[in-house]
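This briefing covers one protein model, grouped by topic. Please keep the sequence and the structure at hand while reading.

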Amino acid sequence: DSVLEAPEDGYAQEGADTQAIPFDGENGWFFLTDTFVTPANAILPYEMRTLIIKTGSGNYAKLEIQSYYKGNPDPLSEAFINTDTRPDAGYYTFRYRIQPNGSRSF
């Protein structure tokens with residue numbers, strides 16, 4: 001909610017050998033928990049991390065990924081902590097806002 005304007009430049013472009021959103025923790029949207037923490041081996045989004053996207057048509061969007069698991073489960077729930085009952089991965093839950101008129105202001 002605090003991101004009110006998209007930057008003018010600095011956007012990365014996806015390519016055959018490059019990713020617009022890096023997988024490393026410092027610049028990416030998620031971190032992978034260690035085997036010895038709770039929940040173990042989980043992909044969790046950084047809180048308060050907003051991705052700004054410039055569309056091919058020149059509009060802007062802001063995106064916050066909230067979960068990588070089906071149903072947006074509580075990562076501290078017993079069902080999530082137990083890897084045998086953890087919901088399926090690869091189901092994104094996110095909040096977004098798009099500015100459809102080309103303005104950088106949200």
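Which residues are linked with Asp-1 in a network of salt bridges? Asp-1, Glu-64 and Arg-95 form that network, where a salt bridge is a side-chain nitrogen of Lys or Arg within 4 Å of a carboxyl oxygen of Asp or Glu. The model is predicted, so local features need pLDDT of at least 70 and side-chain atom pairs count only at pLDDT 80 or more, while totals for chains, interfaces and linings use all residues. Residues are numbered from 1 along each chain as its sequence is written, and side-chain values use heavy atoms, with hydrogens and water left out.

**Salt bridges**

- Side chains of opposite charge can pair when their charged atoms come close.
- The count of salt bridges comes to four.
- In the bridge between Asp-1 and Arg-95, the closest N and O atoms are 3.6 Å apart.
- Asp-1 belongs to the segment before β1 and Arg-95 to strand β5, so this pair ties together parts that are 94 residues apart in sequence; helices (H or I, at least four residues) and strands (E, at least two) are DSSP runs, numbered from the N terminus.
- Asp-1 is exposed, at 70% relative accessibility, and Arg-95 is partly exposed, at 37%; buried means under 20% relative accessible area, exposed over 50%, and partly exposed in between (1.4 Å probe, protein chains only).
- Glu-5 and Arg-104 also form a salt bridge, at 3.9 Å from N to O.
- This pair links distant parts of the chain, with Glu-5 in the segment before β1 and Arg-104 in the segment after β5, 99 residues apart.
- Arg-104 meets Glu-8 in a salt bridge as well, at 4.0 Å from N to O.
- Because Glu-8 lies in the segment before β1 and Arg-104 in the segment after β5, the pair ties together parts that are 96 residues apart in sequence.
- Arg-104 is partly exposed, with 24% relative accessibility; Glu-5 is partly exposed at 45%, and Glu-8 is exposed at 61%.

- Asn-59 sits in the loop between β3 (51-54) and β4 (60-69).
- Its relative accessibility is 15%, so Asn-59 counts as buried.
- The Asn-59 side chain makes a polar contact with the side chain of Ser-57 at 3.4 Å. A polar contact is a pair of N or O atoms within 3.5 Å; within protein, one must be able to donate a hydrogen and the other to accept it, and residues adjacent in sequence count only if both atoms are side-chain atoms.
- The side chain of Asn-59 also reaches the backbone nitrogen of Gly-102, at 3.0 Å.
- Leaving out residues up to four places away in sequence, Asn-59 touches Ile-53, Lys-54, Gln-99, Pro-100, Asn-101 and Gly-102, contact meaning heavy atoms within 4.5 Å.
- Asn-59 and Thr-33 are 26 residues apart in sequence, and their C-alpha atoms are 35 Å apart in space.

**Nonpolar surface patch**

- Tyr-92, Phe-94, Tyr-96 and Ile-98 make a nonpolar surface patch of about 450 Å².
- Patches are made of residues with over 30% relative accessible area and no salt bridge; like charges are joined within 9 Å, and nonpolar side chains (Val, Leu, Ile, Met, Phe, Trp, Tyr) within 5 Å. Accessible areas come from the Shrake-Rupley method with a 1.4 Å probe, and for residues, only the protein chains shown count as cover.
- Ile-98 is placed in strand β5 (residues 89-99) and counts as partly exposed, with 43% relative accessibility.

**Backbone features in loops**

- The peptide bond from Thr-38 to Pro-39 is cis, with omega near -5 degrees.
- Pro-39 is found in the loop between β1 (30-32) and β2 (43-45).
- Met-48 has a positive phi, near 60 degrees, in a residue other than glycine.
- Met-48 lies in the loop between β2 and β3, and at 71% relative accessibility Met-48 counts as exposed.
- Asn-72 is not a glycine, yet its phi is positive, at about 50 degrees.
- Asn-72 is in the loop between β4 and α1 (78-81) and is partly exposed, with a relative accessible area of 36%.
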